[in-house]
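I opened the model to look up a few residues. My entries follow.

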Amino acid sequence: MGTDRRTPDEGPPVLAAEGLRVSAGGQQLLAVPSLSVPPGGCLGLVGANGSGKSTLLRALAGLLHLDAGTVLLDGAPVREHELSFRQRVGVFLDDADCFPDLTVAEHVRMVVAAHGLDRPDHRCARVLDALGLRHRADAFPDTLSAGQRQLLLLAAVLVRPARLLLLDEPEQRLDTRARERLADALRRSRADGTAIVLAAHDRPLLDRVADRVLVLDEGRVTDHGPTADVLARGAAPWD
């Protein structure tokens with residue numbers, strides 16, 4: 001796959017985390033010493049199922065209680081309940097769902113309206129075109145395939161400008177062509193200066209989008225570095 005990933009801008013990180021520890025029921029779920037993502041950077045998270053990728057994303061999104069550590073967005077503590085956080089951060093997790101009574105286009109327009117963005121029809125058409133979903137604009141979720149529903153949920157995240165995207169295996173249920181469209185959309189977001197943390201099992205997607213990769217095993221970091229170097233070491237499981 002291509003290796004023409006955009007070089008991230010230098011400067012203060014959009015996202016920075018230090019000394020993250022999360023536990024539940026006396027069991028440690030996460031122990032990550034540090035990570036950071038600059039404007040236009042993409043950090044890929046890889047590891048076997050249950051390795052801690054989703055837990056880390058939820059911690060970065062402010063959705064989990066931290067036993068220790070800090071998560072900063074543009075130098076300020078992450079507070080998921082605050083409007084300013086939700087206006088700057090797009091989150092795609094595995095519990096996302098559709099509104100059954102809204103068409104594909106209505107879903108996306110609702111997000112545009114909620115964020116007070118102009119030209120809702122143009123924005124809607126553009127993101128649906130980018131993800132190959134415009135031909136289903138008038139369809140309801142229960143008439144979509146599993147892959148099309150995944151694209152709809154992604155469209156609702158990608159339609160608005162974001163300072164940071166936190167994405168948990170967005171390639172699930174997508175065929176090869178849809179994954180390529182997703183990669184192109186994420187690369188455009190990077191080019192606009194958006195920072196991305198992307199948990200994925202799909203190696204070609206990471207190769208195209210991520211400039212750095214962090215490998216997790218049982219909540220601990222086992223490798224971290226430039227994408228090409230980590231992938232070449234074969235340190236990442238792809239199950």
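I call a residue buried under 20% relative accessible area, exposed over 50% and partly exposed in between, with a 1.4 Å probe and protein chains only. This is a predicted model, where local features need pLDDT of at least 70, side-chain atom pairs count only at pLDDT 80 or more, and totals for chains, interfaces and linings use all residues. Residues are numbered from 1 along each chain as its sequence is written, and side-chain values use heavy atoms, with hydrogens and water left out.

I looked up Cys42. Its relative accessible area is 1%, so Cys42 is buried. Next I checked Cys98. Cys98 is in no disulfide (a pair of cysteine sulfur atoms within 2.5 Å). The nearest cysteine sulfur belongs to Cys124 and lies 14 Å away. Cys98 is buried because its relative accessibility is 14%. I then searched the whole structure for disulfides and found zero.

**Thr103**

Where is Thr103 found? I located Thr103 in the loop between β6 (89-92) and α3 (104-114). Helices here are DSSP runs of H or I with at least four residues, strands are E runs of at least two, and both are numbered from the N terminus. Thr103 has 9% relative accessibility and therefore counts as buried. I listed its contacts (heavy atoms within 4.5 Å). Leaving out residues up to four places away in sequence, Thr103 touches Ala137, Asp138, Ala139 and Phe140.

**Pro77**

I placed Pro77 in strand β5, residues 76-77. Pro77 counts as partly exposed because its relative accessibility is 45%. Beyond its neighbours within four places in sequence, Pro77 is in contact with Val71 and Leu72. I also took a C-alpha distance: Pro77 and Pro226 are separated by 27 Å, at 149 residues apart along the chain.
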